[in-house]
Amino acid sequence: MSSRNQPTVAVVGVGSVGAMALWQLAKQGVSAVGYDSYAPGHDRGAAGGESRILRAAPRRGPQYVPLLRRARELWQELEDDSGHRLFHRTGCVTVGPAEHAGLRAVQDIAEAQDLPLEWLEAAEAARRVPEHPLRDGEAMVLDPEGGLLRPEVSVLAAASRAEALGAQIHRYTPVVDVEDDGDSATVVTEHGRQHYDRVILAPGPWLQGFPVIPSRDVTVSKVDVLWFARRTPGTFLPERTPVAMRVGDPAMSCCPGADGAKIVPREQDKAEIDYPETLPRDVPADQVARAREAVQQVMPGLFPSPIRTATYGEAYTADGHGMLGAPGMSEALVIAAAFSGHGFQLAPVLGEISADLALTGITDHNVAFLGPDRQQHG
Ligand SMILES: Cc1cc2nc3c(=O)[nH]c(=O)nc-3n(C[C@H](O)[C@H](O)[C@H](O)COP(=O)(O)OP(=O)(O)OC[C@H]3O[C@@H](n4cnc5c(N)ncnc54)[C@H](O)[C@@H]3O)c2cc1C
C-alpha cells in the first residue's frame, strides 16, 4: 500500500467503464492512473455510434434494477459535475406483437419491482410516439424513466472530471501486459513497467489481449449499425422521441439522432473478431437490404436507404451477463469487462463497484452473478 494508506490504482482502458472507475477513484482522493490505447471518447471500442439506450425496467432480470437505480443517480451527478447533457429522459418504448415475451418480460419486471410502466392504447401511441406506428395486433409499453445516453461525450466527461480531481491519464499508450504479483500488480507498456497496489482491467472488446482475464466463455463480435434520415422535420428528435426496442419481426433497437434514427438490428450475423482493429468496417449488402425492408415495414417516417453505416465491437459472455470482480484468488486485480450489449447504461455503477472492489475488496451491491470465474450457462 502507498504511504498515505490509500492504495495506488491503475485503470487499464479508459472507455465506458474505465472512465467511470477513474472518476470514482479520483473523487475519493485516490492516486489513480488511467491508460488507454487511444483517448477517452474515441469510437473504436464498444461505446461508439452516438447513442445508447437506458431502461429502468430491464428485460434481463430483476438483479439489474438496483444497479440501474444507482447508475441513474450517478449519471445525474456526472451531468451536474461536468455541465454536459449526457442523458435525455425520453422514455423507452417496447413495441411488438401484444403477446410477445419481450413485452411481457418488461411488464413482469416493472410489476415485481414496482417500476412505473404505461401500456399505450393505439390512439395514445399514435399521438405520443408517431415515429413507431403500431401494426395490427401490436402493442406498446412505455418505460418513462428510460432514455437516450450520449456515449462518447459521457466517457469524455467522466475522464475529464477524473483529471480535474487529480487522476492522470496516459493517452495513446497501449498496455501490453498486466502481471499479478500477489499483493500488487504491474502494468507493462512500451515505456516500461509500473507497479500499483491494485489494477482495474476494463479493456472492453480488447479483453482477449489479457491472459489474466478468464475469457473462455467470452466472444468478441462485430455489431452492425445503420442510420436513416427522417422524412419530416420535427420527428425522431433525440431530446423528445422515446428510444425504442422492437420485438418480434423485425426486431431492432432504435435511437433518434441528428438526422433521423439509428437502428441496431437484433438478428444479425455477429461475426466473431479477435479484437477491434480486425473489425470489418463495411456492413454487408444483405444486412443493409434486410434493414431497409425492416424500416419500410415499421418506420415509414424514415427514408428507407441508410445514409450511414458503421460497425463496432462488443464482448459477450455465454450467459449474457458481464464480468465484474477479482479473477481467482487475486488480491490485486479487478476485472470489469464483457458487458454483452447492455453495459453502457450501467457504466457509472460498474465503475463505482470496480473502485470499491479495488479499494476495499467489497461492495454493497449484489454482483455475485457477475463473478468472472462463475460457471456460465448460455
Ligand atoms: C452497437 C452497440 C450498441 C449498444 N447498445 C447499447 C445500449 O443501447 N445500451 C447499453 O447499455 N449498452 C449498449 N451496448 C453495450 C455497451 O456499449 C458496452 O457494453 C460498453 O460500452 C462496454 O464498455 P467497456 O468499458 O467494456 O468497453 P469500451 O468502452 O470499449 O472501453 C474499453 C477501453 O479500453 C481501451 N483498451 C483496450 N485495450 C487496451 C490496452 N491494451 N491498453 C490500453 N487501453 C486499452 C480501449 O481503447 C477502450 O477505450 C452496445 C454496444 C454496441 C457495440
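## Ligand contacts

In this predicted model, a polar side-chain atom of Glu314 lies 2.6 Å from an oxygen atom of the ligand. That is a polar contact, here a pair of N or O atoms within 3.5 Å. An N or O atom in the side chain of His42 is 2.9 Å from a ligand oxygen atom. Ser37 takes part through its backbone: one of its polar atoms there is 3.1 Å from a ligand nitrogen atom.

The protein covers 95% of the 1,000 Å² of accessible area that the ligand has on its own (Shrake-Rupley method, 1.4 Å probe).

## The shell

## Cysteines

The whole structure has 0 disulfides, taken as cysteine sulfur pairs within 2.5 Å. The sulfur of Cys254 is 6.8 Å from its closest cysteine sulfur, in Cys255, so the gap is too far for a bond. Cys254 is buried at 2% relative accessibility (buried means under 20%, with a 1.4 Å probe and protein chains only). Cys255 is buried too, at 3%.

## Basis

Residues are numbered from 1 along each chain as its sequence is written, and side-chain values use heavy atoms, without hydrogens or water. Local features need pLDDT of at least 70 and side-chain atom pairs 80 or more, while totals for chains, interfaces and linings use all residues.

Key: Polar contact = N/O pair within 3.5 Å; in protein donor to acceptor, adjacent residues only side chain to side chain. Buried < 20%, exposed > 50% of the residue type's maximum accessible area, 1.4 Å probe, protein only.
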